[in-house]
Amino acid sequence: MLTPVETEDRYFIPESGYPADPVSGEAPLKLKYFSGGQWRESKTAKYMPCYNPSTGAVIAYAPQCTADEVESAIQAAVDAFPAWSDTPVGKRVQVLFRMKALVEAHLDELTHLLAKEMGKKWDEAMGDVLKVVEVIEFACGAPHIMKGEALMNVSAGYDTTRYNHPIGVFAGIAPWNFPAMIPQGWMVPICVATGNCMVLKAASFVPQSSMRITELWREAGLPAGVLNLVTTSRHEAEILLRHPEIKGVSFVGSTSVGLHIYKTAAEHGKRVQALTEAKNHALVLRDCNVDRTARGIINSFCGCAGQRCMALPVIVVENAIADELIPLIVKYAGELKLGAAYEQSTGMGPVVNQGHKDYVLNWIETGIREGAELILDGRKPEVPAGCEKGFYIGPTIFDHVTEEMSVGREEVFGPVLCIKRVDSFEEGLKIMNDSRFANGSVIYTQSGYYARKFAKETHGGMVGINVGIPVPVGIFGFTGQKQSFFGDLHMMGRDGFIFYTESRSVTATWFAESETPAGKVDTWDGTMTLLSK
């Protein structure tokens, strides 16, 4: 049994010397990086501020680790790989069982930390953490899922067995919108369960959730060097794409960066899975359950303040139902109460920082310039006392959006809904399939015929039938398509296990001690079935 590592060091320096926030009275933390089983203070002179989006206060400073520090993290993973990959898979998953229990035991703490640093409201933040548990549970099935296959007597006297082996060191490059679920759920559990090691680049805006969970991995008994965590600029992150010891790269983020990562890492002989942008559409047919559909749409475009690649920023509505449905959506969206993410009464939290707030506001201005009808304006929302400096945008809705308008085609990544009106199922489906993105697609209908036709003909990789956020559970994988994904093997599900392993086929024949082997060996050494006796 692996023994949990005893430790006293933490991911932050509490006495950082930074001035305290005048409102909260809290001084920002100075964060570290994790390499070779230890938290280390970076030698960099560059630190990035991390904010509490609910109040606008700086709560931490994350290091932009130096090139040497990134290299040292890679070397720590390289050094750890031989022993970890040789650890029996049953013992490896014992670490995961302990990790599951630790995350569940610290659920409220992790939920509060994530809500504070990223801005998801309480239940959304808790869901982010619980998704870590979901994939850990799936990865605990590694002894079964990693099994190969065998066939005796493939040719006379010959047997073939295929084994699945760990590969080496992988890089995980995480986004800021799911600080726990993506790095510590989608990336780490399957990677380490299969016997590999990882260098994780946490998002510099929101690194603390992943850092705290990394502390729990160590407490669960994950050996030093199996998981390493850095925060860097794009320049130092480039090392992860080119380093000869990195065997594969998992990435979630923008399409432009994802395409660069895919090309660069592949050119250097690495496996790549790059999950990128989306502009998910829902087709709303005239026979839908109007009230339930309206509420589902509110959750889908306002949830996480619209900052998720499976959000629902566009609905394509049949004209026959539009004038009944749209006022309901506006009514329900207007009833959402904005507030601090960690207050459990909050209906919608802020966006992640001022830069992203400005980005979303610019898209709203673009929609107005392009001629879309602004029927709900969230640019100046009401917020509670103490949140005046937070990064809030209220639900915003555009009607009569056309295909010529970029606001209805490009990813806004905020609580902005575009409504496109159509006369038929066929017209709506064509609009949806013309998008260059294909993460998710949704239909709201009571018709089994149209639901089945939609599931068969939509380009979306994850399809919802009366489900606004059709993200499959981890056992199925995250299956975006077109310019929402670059690679061959998706994250999680069976694809995830295949991505982190390589196959080795062993063909063997044996001779009895009393047998005199034939003096002649044919071209196929006995393995050609049609030539065997």
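**Close-up views of a predicted model**

At 42% relative accessibility, glutamate 41 counts as partly exposed, a class that lies between buried (under 20% relative accessible area) and exposed (over 50%), with a 1.4 Å probe and protein chains only. The structure is a predicted model, in which local features need pLDDT of at least 70 and side-chain atom pairs count only at pLDDT 80 or more, whereas totals for chains, interfaces and linings use all residues. Residues are numbered from 1 along each chain as its sequence is written, and side-chain values use heavy atoms, with hydrogens and water left out.

**View A. Lysine 30 and glutamate 41 meet in a salt bridge.** The distance between their side chains is 2.8 Å, N to O, and a salt bridge here is a side-chain nitrogen of Lys or Arg within 4 Å of a carboxyl oxygen of Asp or Glu. Lysine 30 belongs to strand S2, while glutamate 41 sits in the loop between strand S4 (38–40) and S5, so that the pair links distant parts of the chain, eleven residues apart. Helices (H or I, at least four residues) and strands (E, at least two) are DSSP runs, numbered from the N terminus.

**View B. Four strands form an open sheet in the order S1-S2-S6-S5, with mixed pairing.** Strand S1 (12–13) and strand S5 (47–52) stand at the edges, and because each has a single partner strand, one side of each is left without a neighbour in the sheet. Two strands count as paired if DSSP finds at least two bridges between them. S2 (residues 29–31) and S6 (residues 57–63) run in the parallel sense over two bridges, and here lysine 30 stands opposite tyrosine 61. S5 and S6, in contrast, pair in the antiparallel sense over six bridges, with asparagine 52 opposite alanine 57. Their hairpin has four residues between the strands, and in it glycine 56 takes a positive phi near 85 degrees. S6 is mostly covered, with six of its seven residues buried.

**View C. Arginine 212 lies in helix H7 (residues 208–220).** Its relative accessible area is 10%, and it is therefore buried. Leaving aside neighbours within four places in sequence, arginine 212 is in contact (heavy atoms within 4.5 Å) with Arg10, Tyr11, His106, Glu109, Leu110 and Leu113. Arg10, Glu109, Arg212 and Glu215 are linked in a network of salt bridges.

**View D. Trp186, Met198 and Trp217 touch the most other members of the largest nonpolar core, which has 106 residues.** Helix H6 (residues 181–193) gives the largest share of this core, nine residues. A nonpolar core is a set of buried Ala, Val, Leu, Ile, Met, Phe, Trp, Tyr and Cys residues joined through side-chain atoms within 4.5 Å. Not counting residues up to four places away in sequence, tryptophan 217 touches residues including Val95, Met99, Ile136, Val188 and Leu227. A second, separate core of 31 residues includes Cys302, Ala322, Leu376 and Ile419.

**View E. Helix H10 (residues 290–302) has 13 residues and reaches 18 Å from its first C-alpha to its last.** This is close to the 18 Å expected at 1.5 Å a residue, where the expected span is 1.5 Å times one less than the number of residues. The buried residues of H10 include Val290, Ile297, Ile298 and Phe301. Among the elements against which the buried residues of H10 pack are strand S14 (281–284), helix H11 (319–334) and strand S18 (416–422). Just after H10, cysteine 304 takes a positive phi of about 55 degrees.

**View F. Cysteine 418 is buried, at 0% relative accessibility.** Its sulfur is 13 Å from the closest cysteine sulfur, in cysteine 302, which is too far for a bond. The sulfur of cysteine 288, which counts as buried at 8% relative accessibility, is 18 Å from its closest cysteine sulfur, also in cysteine 302, and again too far for a bond. With a disulfide taken as a pair of cysteine sulfur atoms within 2.5 Å, the count comes to zero disulfides.

**View G. Arginine 421 forms a salt bridge with aspartate 323, the closest N and O atoms being 3.2 Å apart.** The pair links distant parts of the chain, with arginine 421 in strand S18 and aspartate 323 in helix H11, 98 residues apart. Arginine 421 is partly exposed, with a relative accessible area of 23%, whereas aspartate 323 counts as exposed, at 59%.
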